[in-house]
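Please look through the sequence and the 3D view before reading on. The text after them is a guided walk, written for someone new to protein structures.

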Amino acid sequence: MTPTPPAGQLAALDASLDVVPAAGDRRRHPAPAHLVFFHGPMDCGKSTLALQVDHNQSRQGRHGLLLTQGDRSGTPQISSRVGLQRAAIELHADTDVRLLVRDRWAAGQRVDYLIVDEAQFLTGAQAEQLAELVDESHVDVYAFGLTTDFRTRLFPGTQRLFELADDVQRVQVEVLCWCGLPGLLNARVVGGAVVREGATVVVADTAPASQPPADVPEVASGGDAAVRYQVLCRRHYYRGQLGPTPTVAGQLALR
Ligand SMILES: [Zn+2]
């Protein structure tokens, strides 16, 4: 049995709650916005999650902007391998995200939140601009990106978001190496061999694997050596073992 406090104590408790200043202050100020970064290897469903977050937010009557990078289609969009897609704004290395948002506001458009796909390609400055939008303009930012490049190094945008985000979450959909262990590393495969050094190139996570990236130097110089990416566990990444049934070109786009 829970003892019932005397009426006098309850009244005192009510009175004490009334004078808790933080609760009242919080009501008078806009709710704090957040910078959330979701990351993972290729194929882990980041873009699907990005579109789901956008859907959930817009159902609450909020208005967002969808941003992406490295989209070569000419009609930028966030698309996921499960068939969802939405038009997006293409960011370039010199885009100031703050100005992009302020231009919308100047045009009378509401921007309550940003969805940033392919966030691994952000510059450090752009990641800082996102943080400023959160703190100074109360815009919520949901960023989605690859964790590491084919050399197992953090992408520059990823690194800065790790440093600045309020919340960093690994996407929980597990991508499996051919051996069945969780695959966390994106291997670059050229001519059937894992390549661990070289220039990082801008290849959108969602670019169809059947379309060899045009700006990969090995393709240009190496003749017909096909470049593709395959998710491997750490052991098989370093051993360079691609499995008994190598992924055929185009398979990534189907998953
Ligand atoms: Zn493995």
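The model is predicted. The protein chain has 255 residues, and 41% of them are buried. Its secondary structure consists of nine helices and 11 strands. The accessible surface of the protein chain is about 13,900 Å², and carbon and sulfur atoms account for 54% of that surface. How do contacts in the chain relate to distance along the sequence? Among contacts between residues at least 6 apart in sequence, 76% join residues at least 24 apart.

The metal site comes next. Which atoms coordinate the zinc ion? The donors are SG of C177, SG of C179, SG of C233 and ND1 of H236, at 2.1 to 2.4 Å. Along the chain these donors follow the spacing C-x1-C-x53-C-x2-H. Within this pattern, C179 and C233 are 54 residues apart and link distant parts of the chain. C179 sits in the loop between β8 (167–170) and β9 (185–190), while C233 sits in the loop between β11 (227–232) and α8 (234–239). C179 is partly exposed because its relative accessible area is 30%, which falls between the limits of 20% and 50%. C233 has a relative accessibility of 4%, so it counts as buried.

What geometry does the site of the zinc ion have? The angles among the four donor atoms run from 99 to 115°, and the site is tetrahedral. Ideal angles for four tetrahedral donors at a metal are 109.5 degrees.

Q230 counts as buried because its relative accessibility is 5%. The side chain of Q230 makes a polar contact with the side chain of R228, at 3.0 Å.

Helix α5 covers residues 124–137, which is 14 residues. From its first C-alpha to its last, α5 reaches 19 Å, close to the 20 Å expected at 1.5 Å a residue. Which residues of α5 are buried? They are Q126, A127, Q129, L130, A131, L133 and V134. The cover over these buried residues includes two helices, α4 and α6 (156–164). Strands β1 (35–40), β6 (113–116) and β7 (140–146) are also included in that cover.

The residue that follows α5 is H138, with a positive phi near 60°. H138 lies in the loop between α5 and β7. Most residues other than glycine have a negative phi. The positive value in H138 occurs in a residue other than glycine. E118, in the loop between β6 and α5, also has a positive phi, of about 55°, although E118 is not a glycine. H138 has a relative accessibility of 36%, so it counts as partly exposed.

Strand β6, part of the cover over α5, contains I115. I115 is buried because its relative accessible area is 0%. What does I115 touch, not counting residues up to four places away in sequence? The list is A50, V53, D54, L65, L66, L67, I78, Y142 and F144.

L91 lies in the loop between β5 (89–90) and α4 (97–106). With a relative accessible area of 2%, L91 is buried. Leaving aside neighbours within four places in sequence, L91 is in contact with L67, T68, Q69, V97, L100, V116 and L122. L91 and Q69 are 22 residues apart along the chain, and their C-alpha atoms are separated by 5.3 Å.

The last stop is strand β2 (residues 64–68), where G64 is found. G64 counts as partly exposed because its relative accessibility is 28%. G64 and R110 are 46 residues apart in sequence, and their C-alpha atoms are 7.7 Å apart in space.

Methods:
Residues are numbered from 1 along each chain as its sequence is written. This is a predicted model: local features need pLDDT of at least 70, side-chain atom pairs count only at pLDDT 80 or more; totals for chains, interfaces and linings use all residues. Side-chain values use heavy atoms; hydrogens and water are left out. Donors are N, O and S atoms within 2.8 Å of the metal (3.2 Å for Na, K and Ca); water is not among the atoms, so sites may look incomplete. Four donors count as tetrahedral if all angles lie between 85 and 135 degrees; four count as square planar and six as octahedral if opposite donors are over 155 degrees apart and all others between 65 and 115; anything else is irregular. Helices (H or I, at least four residues) and strands (E, at least two) are DSSP runs, numbered from the N terminus. Buried means under 20% relative accessible area, exposed over 50%, partly exposed in between (1.4 Å probe, protein chains only). Contact means heavy atoms within 4.5 Å. A polar contact is a pair of N or O atoms within 3.5 Å; within protein, one must be able to donate a hydrogen and the other to accept it, and residues adjacent in sequence count only if both atoms are side-chain atoms. Accessible areas come from the Shrake-Rupley method with a 1.4 Å probe; for residues, only the protein chains shown count as cover. The expected span of a helix is 1.5 Å times one less than its number of residues.
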